[in-house]
Every structure is written in structure tokens, then in C-alpha cells.
Number of protein chains: 2
Amino acid sequence: MPKRVDHEERRRAIAEALWRIACARGLDGASLRDVAAEAGISLGQLQHYFSSRDELLVFALKHLGGLAEERIRRRLMGLSAPPSPRDVLRETVTEMLPLDEESRTGNLVQIAYFVRALHDERLRGHAKEGVPALRAFFADQVRAGIARGEVEPTRVPDAEAMLLIALTDGLTTYLLLEVCTPEEAKGLLEGHLERLFTP
Amino acid sequence: MPKRVDHEERRRAIAEALWRIACARGLDGASLRDVAAEAGISLGQLQHYFSSRDELLVFALKHLGGLAEERIRRRLMGLSAPPSPRDVLRETVTEMLPLDEESRTGNLVQIAYFVRALHDERLRGHAKEGVPALRAFFADQVRAGIARGEVEPTRVPDAEAMLLIALTDGLTTYLLLEVCTPEEAKGLLEGHLERLFTP
DNA sequence: TGTTTTCCAAGTCAGTTGTATGGCAATAAG
DNA sequence: CTTATTGCCATACAACTGACTTGGAAAACA
């Protein structure tokens, strides 16, 4: 065998270079040459790790989702154990918002994928595969809130979960457009949770 | 003077051809040649009406916003006069959702513009210029609800307005992704308004 | 009828795109 | 040493892009 190289590590580095380009110029504005240059490698080398553009796109999307999931997991780990359902929901939702540069980049790229998925059958599957899990997770928290008497039993957990996801997503949009401020977005979500959790 | 042609009418027709392409393949996938072919004219003719691609894009975006606004206006006209604030909000929000084919196309194109605006300074201004007006309109309705005793006075109209806009936007996203159904989206919005308007 | 203005088709051009190809360098196995 | 394998690279290519130029057709006025 010749020189040993960590393939996955290389692929991750290339994917992250793609994010930086896509964040600045959009997914369609990220040519393979640009990505290679951003990653500091040649076009040939990039092609050695991704045999086609689509392969790179799909890999980068999955890697992105993985990182976001890990960010949320780490944040939840930092909570005082055991955290209340309300804390879990607030922290998760806050972590999903584009409040720091890394998250902003992630959201920007995610949206670029979302738009492409609207016109691309195959990508659509990848793009929406994480939603049901997130929704179920949120619904579980609402159920736990009901069980603890913090949420009115008349609330429908699954509906509240979808509401919260959509709300977070919408606020993300307007945060990125700079139509509303981070403090405002956090305040709105906190207010929404405040009314969901009636003591 | 030579042959008289309605310039604006032509430009609108070309803009609508752009929408059809953008809806199917994304804004970046809509080349001038494709748009010309879709509009049934030659590339030269298209360039006679739009001297650059950007000019076409901006015109098409403004025309799109105008049409959406008129759709809402017409729908509100159809309400029994005088409509309650709750009715106004529900109907407006419902009209904004991608529930029929025309609205779906509009939303798809709007999102394509939104994504482009994230990376394009000039487009950003055009993209977010309608938001403050919509927000003020929603806030006025909430204020009217408070005045009529249908909304708790502790609610902050401006915050409720932003919440409603973000929620509608988020639901639009998941409707387009086919993660949730039209009935579900309408039900969620109705439930949200139900809790805002306490009899 | 001639003139002028508007409109439009076709072609060209420089630039960029994703992909394919052929080959070089380094390393490990035989 | 030989040889095969792997990592890597420069180049080439066909297709497509937006912008531009040229030339002429069509229609309203004089």
C-alpha cells in the first residue's frame, strides 16, 4: 500500500470549504474549482475524493446535519441534570437559531440545500429526513411537561412540536435577513414557551 | 412611430415565464435562453425588454410581490364587512400559505429570491422591504382585537405580529417540503389564533 | 412614397462549468 | 530490484452561460 491518508478527514475538510463558499455566494455559486481552492487543494485532488459534484453535495449536507445535532447534544449536556422540559425546549430551539457565526453559516448552507431540494427529488429525502425525529423529540418534551403539570393537558403535544419547529424556522429566516434582532427572536420564543408552560 | 407594443405587458409575460422556470429548476437554473423559450420569444427579443439579467430578476421579484399583495387584498374584500380582526388575520395568513398551485409557485420563487438576497446586498433591500408593512398591519389587527376585548391586554401587538409572520413562514417551508399537510398547517394557525383571541 | 423609429432574429464572443484522461511520485509487497 | 497500488495533478474538452453586435423587418408618420 502507498501513502496512507485519512479519507474521511479529507472529505470533511473539503465539505467545510464548500460551506464557506456556499455561505458567501450560495450553493450554485460554489464551483468545484472554488471549493478546491478554498480547501487549498487542486481540482484533481478534490475529484479523487468526490467523483461527482452531487456526491460532494450530499456528503456535505449529511455532515452538516451531524454537526448541528452534536451542537445541540453538547448544549443539553451542559444543563443541570435533570433539566425541565421547558429548559430542554428553550435550549434546543436557541441552539437552532443562527446566533453565532458558526450557526449562521450552518443555517445559510442548510437553506441553500433546502431550496435545491425543492427542485431535486433525491435531495428532498435527505433534506427532510431529520424533521420527524426533531418533532417527536419536541412532542416528548411537551408530553413530559403535561405529566409534570406544567402544560395544560388540553394541549396536543404533536401540534405544539410542529408549531415550535415552524416558529424557530421562521425566526431563523428573519434573523438571517436582519429583519429582527437576536434578542427579539429569543424573546419571542421565550414568550411562546412561557404561554405553553403555565405554572 | 413603428409597431406599438405594450412594454409592461411584455415584461410581465417574460417575468411569469421566469417564474415557471425558477419554480421547476431554481432561479440559478433559469438562463435567459430558457426564459425566452418558455415565453415563446427569442433571446434577442428578451434582451430588448431587459438589458441585463439582474434587471429581469428585480422586475420579476417586484411583480411577484405586487401579485401576492393583490391576492390578499381581494380575499379580504370577500369577507363580510366589517370583518373581525381575527378573521382578517386568519384569511391573510391563509392566503400567504402555498395552498394552491399559483401560490405554491409564488412562494417557491419568493424563497429563491430570499436565498439569493442572503448573498446579494442589493437584492436584500428589495426582499425585506415588505416585511415591516405586513408586521405593522398584523400589529394593528392585534391592537383592534385588544380594543374589542377579544385579546388579552397583556399581549404585545408588535411581538404577536412578528410571531405570526414567522410561524406562517415556517409552515410555508414545511408545506413546500411536504413535511406537513395543508389541513395541518391551517389547523395549527387556527389554533394559534384561537389562543391569541380569548373570548 | 419615403423616412424614421421601434422591434427582433441570428450570430459571435469570452468566460465558466463539470467531467474525463493520461501521467507522475511515493510507497509497500513480491 | 521490480512491480503494483495509491494519492495526486495538469490539461483538455464539450457544453453552456450572459453580454454584445449586426442587420433587417415592420409600422407609423411625413
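This is a predicted model: local features need pLDDT of at least 70, side-chain atom pairs count only at pLDDT 80 or more; totals for chains, interfaces and linings use all residues.
1. Overall make-up of chain A. Chain A holds 10 helices and zero strands. Along the principal axes, the C-alpha atoms of chain A occupy a box of roughly 65 × 40 × 30 Å.

2. Burial and contacts within chain A. Chain A has 199 residues, of which 34% count as buried. Among the contacts in chain A with a separation of 6 or more, 57% are made by residues 24 or more positions apart.

3. Relation of the two chains. Chain A is superposed on chain B by a rotation of 180 degrees with 0.0 Å of shift along the axis, at an RMSD of 0.1 Å. This is the relation of a two-fold axis. Of the interface residues of chain A, 100% are also interface residues in chain B, so the copies meet through the same surface.

4. The interface. The contact between the chains takes 34 residues from chain A and 34 residues from chain B. On the side of chain A that touches chain B, α1, α6, α7, α9 and α10 (182-196) each supply at least two residues. The element that gives the most to that side is α9(A), with 13 residues. By residue class, the side of chain A that touches chain B divides into 21 nonpolar, seven polar and six charged residues.

5. Helix α6 of chain A. This helix covers residues 101-119, and its 19 residues should span 27 Å at 1.5 Å a residue; the end C-alpha atoms are 28 Å apart, which agrees. Its buried residues include G106(A), N107(A), Q110(A), F114(A), R116(A) and L118(A). What covers the buried residues of α6(A) includes α1 (7-25), α4 (53-77), α7 (121-128) and α9 (157-176) of chain A. The cover also includes elements of chain B, namely α6 (101-119) and α9 (157-176).

6. Packing of α4 and α5 in chain B. Helix α4 (residues 53-77) and helix α5 (residues 85-96) of chain B pack at an angle of about 145 degrees, and their axes are 9 Å apart. The crossing of α4(B) past α5(B) is right-handed. On α4(B), the contact is made by R71(B), I72(B), R75(B) and L76(B); on α5(B), by V88(B), E91(B), T92(B) and E95(B). The residues of this contact of α4(B) with α5(B) divide into three nonpolar, one polar and four charged.

Definitions and conventions. Residues are numbered from 1 along each chain as its sequence is written. Chains are lettered from A and ligands numbered from 1 in the order in which they are written. Copies are superposed by least squares on the C-alpha atoms of residues with pLDDT of at least 70 in both. Two residues are in contact if their C-beta atoms, placed from the backbone, lie within 7 Å. Helices (H or I, at least four residues) and strands (E, at least two) are DSSP runs, numbered from the N terminus. A residue is buried if 20 or more other C-beta atoms lie within 10 Å of its own, exposed if 12 or fewer, and partly exposed in between; C-beta atoms are placed from the backbone. The expected span of a helix is 1.5 Å times one less than its number of residues. Ala, Val, Leu, Ile, Met, Phe, Trp, Tyr, Cys and Pro count as nonpolar, Asp, Glu, Lys and Arg as charged, and the others, Gly among them, as polar. Axes are lines fitted to C-alpha atoms, for helices over the stretch in contact, and angles run from 0 to 180 degrees between N-to-C directions. A crossing is left-handed if the near helix is turned anticlockwise from the far one by less than a right angle, and right-handed if clockwise.
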